[in-house]
Amino acid sequence: MKIPTIAKHGTIFCTSGSHKASAILLDNELVITSGLILSDNESCVEQLSNAVTHSPIVEVGTNDISKLDFRVVCKHENVLREQPARAYHIVYSRRVRECLETMLDGLHVCINGDMKPVRGYATLFASIVVLSTNVSKRVSWDRVKLALERLQPSGSERAKLLDKVVAVSTPFGDESFFNTLHVGHVSNIFGEQDCVLLLDTHLSSGCQGGAVYNCHMKLQGVLIGATFMYRNENVSFPLAINMEEIMSIVLNRRNLCQSLSMTLPAQAFQSVCMIDSQGCWGTGCAFELNGKHYIISCAHVLATDNITCVFNNRTIIHPKLVYKNPVFDSAYDIALMEATFEEAQSSNWYCQLANYIPRLGQRLYAVGFPVFKSLASGSIFKPSVIPGRATKYSEGILFTDCSIQCGQSGGPIFDENGLLLAIAVSNFKSSLDNLIYNCHNMCVPVKDIYSILENYSKTRDKASLAGLQADWNVRSKWKLKPPVILNKL
């Protein structure tokens, strides 16, 4: 895809604080960035929280925010230059704040060196600060509106699932990484009026305030965060405010996002379910084999035999557990369930199995519910669709570079035709740094268990499912035991 002109971006910091962020240049003077740039100043946070209760557009007057001395670093003729700047306006989205406080509640973020709950800073995450490098002249709101509309004029293509995007930011706020480009996709769109985008790009701290472009180089969003903590685990969760949400506030433009349009076949998407087993939860997939209807997931997702599966059309079923690996931390970590006759006849959302070995580099799609169970609760059903590729195959195990995280255990890996290619099981956790690498994950290839599933669908002999407990060779691979080196030179 085309790469944007990076001269329109920079970094920003406040001289009285330590927080650095990315920024977008609207023109030669106007700059926008994330409201998190104010996180160093508690009085500013309080003033902003009070001001947005009256209006989503705040004009910075004579309060503490107006007195902050900002510095904007941008590129002029291939040389980085620093300019003073002042904040003049703030655009605030109530919908983004409510999304962070409800659907995404539980995230923690590093603020001034300490881990803080996102809920306490939701107003900043939901705000965009408008600044000017012309500190001697006040900026009118009409000028801001015109500048923003030039970036995303009326009628611009709206964000959809699986859209290719490029994010421009400065990782860690360090000018050594000035205007770094990360190419990825829109993997989910959620919140009221589709106000928040979730990306699969590999972003880091300091990305806040950076830009998200579509393949036509139209601004699709403003980055508000990428790395968080959830239940004491690091999670990669790159979030952006949908530009359509910002423009709906700035220009009173109606938000008409259509987030479900995507290239993955609808049948595959409909076969995905959220599985809840008395508080333990994950992702599953419904498939058809020889006229029988099953749901497959990971054994470690099922705490009990009391299972609830929630599907895209709000269908809720309680399948019968057929098989669960008694040693779930060993290959294969598989659980097989069967829909009752009535449940099986009531829907047509069963996918088909892929009985082949994927080639290295083959495009595939991981679908599931990363991190948050709330993405499939109540009236909401928002599974993430995350593209990736097959990076390595060895009998019994498939590695992919899809961004897979907690909550996606048991979820399907589809090929481009919507066939179920593999079951997502786990990420790689390094013993060297104790970090989880969410883009290096391990899956059970359907090809390697197909004959067992097919035999059971024909014979109904539960004893045949014992073959789902892998042999020693495959179990060793799943435990990442190094292969024997036959000849050492």
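1. Lys373 is partly exposed, with a relative accessible area of 28%. The cut-offs: buried is under 20% relative accessible area, exposed is over 50%, and partly exposed lies in between (1.4 Å probe, protein chains only). Lys373 sits in the loop between β23 (363–368) and β24 (384–394). Strands (E, at least two residues) and helices (H or I, at least four) are DSSP runs, numbered from the N terminus.

2. This is a predicted model: local features need pLDDT of at least 70, side-chain atom pairs count only at pLDDT 80 or more, and totals for chains, interfaces and linings use all residues. Residues are numbered from 1 along each chain as its sequence is written, and side-chain values use heavy atoms, leaving out hydrogens and water.

3. What does Lys373 touch? Leaving aside residues up to four places away in sequence, Lys373 touches Met274, Asp276 and Trp281; contact means heavy atoms within 4.5 Å. The side chains of Lys373 and Asp276 make a polar contact (2.4 Å). That term covers a pair of N or O atoms within 3.5 Å; within protein, one must be able to donate a hydrogen and the other to accept it, and residues adjacent in sequence count only if both atoms are side-chain atoms. Gly407 lies 34 residues from Lys373 along the chain, and their C-alpha atoms are separated by 7.3 Å.

4. Look next at the open sheet. Its seven strands run in the order β20-β19-β16-β17-β18-β22-β21, with antiparallel pairing. Two strands pair if DSSP finds at least two bridges between them. β20 (316–317) and β21 (320–324) are the edge strands, each pairing on one side only. Four bridges join β18 (residues 292–297) to β22 (residues 335–338). Ile295 stands opposite Met337 in β22.

5. Strand β15 (residues 233–242) is mostly covered, with eight of its ten residues buried. Three bridges pair β15 with β12 (residues 196–199) in the antiparallel sense; Leu198 stands opposite Leu239. On β14 (residues 219–230), eight bridges make an antiparallel pairing with β15, and Leu223 has Ala240 as its bridge partner. The β14–β15 hairpin has two residues between the strands; there, Arg231 takes a positive phi near 55 degrees.

6. The protein is divided into domain 1 (9–153 + 161–251) and domain 2 (266–479); the bounds come from an automatic or database domain assignment. The contact takes 23 residues from domain 1 and 20 residues from domain 2. Their centres, taken over C-alpha atoms, are separated by 36 Å.
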